[in-house]
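User: I'd like to learn how to read a few features of a protein model. Could we go through them together?

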Amino acid sequence: MTRPASLVLRARRPLAAADVQARLGSPVLWTEALPYAAGDPRADALRRRAASRPFAAQGAPVRVLLLTYADRVQDLVVSARPATLDEAGLTDVACLLAGDGSVEGWPQAPVSSGGEAFTLPLDWAAGTLSGTGTREVLTVRLPEDAQDIEAAVVTALSVALARRTGGALSAGPGERTGGLGLRLPTPAATVERLAAAGLRLLWRPPAPTTAPLAFSLDRDSDDSYLLSCDFRTDLVAAEAARALLAEIRDRVAGSTDEVTTPVAAQAPELKATIHDLVAARAEEQPDAVAVTENGVELTYRQLLDWAEEIATRVRARGTGPGQLVGVSLPRGTELIASLLGVLMSGAAYVPIDLSYPEDRLRYMTEDSGLTLVLAHEQRPAFAGVPHLAPPPLPADGQVRRWGKAQPAAPSDPAYAIYTSGSTGRPKGVVVEHRNFAALLAATQDEFGLGGSDVWTFFHSFAFDFSVWEIWACLATGGRLVVVPEDVARVPEEFRELLHTEGVTVLNQTPSAFVQLLSTEAPGASSLAVRLLIFGGEPLDSRLLLPWFDAHPEDRCRVVNMYGITETTVHCTWATLTRRDALAGSRSIGTPLPGWTVHVLDPYGRPLPAGVPGEIHVGGAGVARGYLGRPGLTAQRFRPDHLAGHPGARLYRSGDRGRLCHDGQLEHLGRLDGQVKVRGYRIELDEIRNRLLEAAEVRAAAVVLRHRGASADAHLDVYVVGPQADPDALRAHLERVLPGYMMPSTITRIEELPVTGNGKLDAARLPEPATQPRLREAAQDAAPDLEARISRTWQDVLGSPVTADDNFFLSGGNSLLAIRVMVRLREQGITEAPVRVLYRNPTVRELTLALAETAG
Amino acid sequence: MSDNGPERWTVLINSEEQYGLFPAELPTPGGWRPAGFSGTEEECVSYVDEHWTDMRPLSLRQALEDGSAA
């Protein structure tokens, strides 16, 4: 770093070159006569260049240049090698050269360098870095009427930096430089000395430094103040420096526009209930197909007739607005009609997934205070709540009035979806009709949703992504294709369905998308998908590159949507392009119209762009709250002190994020132990707390791990306790947790490793143990076949298995299942679909099944 | 200054009679008023659990009453 210390001085009296040279002594005086005036822009550029020119490796300690312009004005540029003379020393030199007799001899004292070094974290300054390691200077003019500007700048600079680095928030106004690398204006005394010598300070370049950032406060020729930021372009993005300077200027002026996130435009108000919206589409196009399931079609008229029939029966049981009806039915047209029927009765539905264990079903039933369950059979888990089997589809041709009998209001609840709770019990999120209506209003036009669209109903109806799939489709007059579960699990079959049904709007979690991507190949059946929407978990945008190869951006729009159940499915959106995918963009975009998003510190203060904090969401999507949990609701849904209308609330998401300088949001992970596995939201503490219920478990840890792509996310559990038995604990968990929350492995260890702070040190946990149960393998029809299958499983799972180990309990998942079948196909063993593995999940069973079909 | 956020919280209530926790030192946002309790976060949560008995918005409850009265 050889940028010199320099001063550019305007001579007020004529300087004769010979005199100056004589006073300079041995170093050569450089002189230049310019053909333009001192005020010419070329003169300005020349002075700056001259003052900034680095010194050669060897040579004189100072360099002096005398410029004489065409209008007889003269400037003196005095430069010294870095770390040899400070500003006072340079001033002495200048005065000496100008013939000021007060200066005795040549200044000697070398200045100690490194005084302004300061170490600041710079993650807030990242952005579009130019990466060349050069330095750039940005300057702002400060307001003229500000009081005591120097002190104000010091304070403003320390506050602005502290907000970005999480440091202390105020520097006393008495501190002059505070170690901030702020160079103050030339002191008045120096200005007077120069004046006495017939010189006026015109300009000084940024002080030589290697620090990533340095600041300088200077007086301009009109006496106004200029604040400059001199920064390394490979460490600090220009837009970050610009934003910092602008903030300091605003603070000095006394007006700080707190940067909140871009508040999107208001969406048009849509005050309607979900069933009103669907009924409106049915009036418009009664004979259009609303739902397709395995080739069976239901028109809008039929759907509404059926739902009205169900609603009548539900109402007859005394159910109405504000009440909750459980729905526990298999995926299909009957389920859709039943959900709509519950809504039309005025009640809200609570999805109850049939695959959940009894304990969880009983808990949800009691906790939600259901008055009725729509199901085909009574189950003990329904804890005595009356059940109603949905009636069959009524015959065509009957005139009906749809949903008018007991209308719900838009602010009535539409559904309550249970999500994993960190205390060990799930909690229900109550979402109102108007929340969904706002979501529709915000997205409908932008996405161009309408009657020619075909959607898939792919996700579990207990997962709020399905709320979007089902109701956004039906409320806009589209056709909903029910994807059977075994088709959903096999990417080739799912692709075939997408092709055959001409699906245009496809909603996927990134995990599911990875599997669909595996079907992309030359000659693969074409897809009519025009809108691909991601949700449920963070997206690695690089996954999209192969998709864009096969599906150009102008034919299929790809949108990444971030959302939370508590703010009605979606929150922000980002349309992604191939360029974004190449850059590995992590953007989650901007808020939906009607939603607000803020990145706040723990005190609720908005953070500047680039600084990570907690994402808070306000606006039209904020749900009513947690069912039966007022205290928790008040804790998570807080008064909105920022952008909302009076009385509005802001939801603390627990997600870490930051606002980028271009106005987009970035998602940076969780602040707590909540994870997403294949799109499902799981509180690790819920699993942990259930384990701790067992007396023999003294301590437990639950860790999320990935093998390769995100589809391989799984949970490993570690327990401490001499009597802890992994098999027994697994059985215990199976009784209380839904399948998607079950860990892949349970390993007993002596004690949990902790860091110096006493927190779990997950890196020091051992490899999980698989669960071999040693049994003799029976001789069967094809022992060689069994051995080969066994070996394939072991290769794919990466651990030994016996003939009776369940694939999915030995660390397997749907992606690895596909891998096994591909390998078996490669070995010429079988062409069977992966469905066969699901139905025969042990080596022994699979061997028998394959031997049967072969023999 | 700790990283964990405010230590003292106030329970606020809005015109729909919904409760919300808020840092005690910050000015009350528009549309909210103090419910009359301050303390640690846990104490405030307990207070709300005890006092917020009907989580339906007030306007909705009133509309229902008007509807049934008519």
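Analyst: Happy to! Let's begin with contacts: two residues are in contact if their C-beta atoms, placed from the backbone, lie within 7 Å. Keep in mind that this is a predicted model.

User: Now to helices. Which residues of helix α19 of chain A are buried?

Analyst: The general idea comes in handy here: an α-helix has 3.6 residues a turn, so residues three or four places apart point the same way. In α19 (residues 684–692) of chain A, the buried residues are A:L684, A:E686, A:I687, A:R690 and A:L691. They sit on the same side of α19(A) because they cover an arc of only 165° around the axis.

User: What covers the buried residues of α19(A)?

Analyst: The cover includes β31 (674–677), β32 (680–683), β33 (699–706), β34 (713–720) and α20 (726–736), which belong to chain A. As for its placement, α19(A) lies across β33 and β34 of chain A and runs at about 145° to β33(A).

User: What is the order of the strands in the open sheet of 3 strands?

Analyst: First, the background: strands of a sheet pair through backbone hydrogen bonds, either parallel or antiparallel. In this open sheet of chain A the order is β33-β34-β35, and the pairing is mixed. β33 and β35 (745–749) of chain A are at the edges with a single partner strand each, so one side of each has no neighbour in the sheet. From one strand to the next, the twist averages 25°.

User: How many bridges join β34(A) to β35(A)?

Analyst: There are 5 bridges between β34(A) and β35(A), and these strands run parallel. To find a facing pair, look at A:Y718, which stands opposite A:T747 in β35(A). Another helix, α20(A), lies across β34 and β35 of chain A, at about 135° to β35(A).

User: And how is chain A divided into domains?

Analyst: Chain A has domain 1 (5–97), domain 2 (123–253), domain 3 (409–655), domain 4 (696–764) and domain 5 (783–854). The C-alpha centres of domain 1 and domain 5 of chain A are 83 Å apart.

Definitions and conventions
Residues numbered from 1 in each chain as written. Chains lettered and ligands numbered in written order. Predicted model: local features only at pLDDT ≥ 70, side-chain atom pairs only at ≥ 80, totals over all residues. Buried ≥ 20, exposed ≤ 12 C-beta atoms within 10 Å, placed from the backbone. Helix = DSSP H or I, 4+ residues; strand = E, 2+ residues; numbered from the N terminus. Arc of directions from axis to C-beta. Domains from an automatic or database assignment. Pairing = 2+ DSSP bridges. Axes fitted to C-alpha atoms, helices over the stretch in contact; angles between N-to-C directions.
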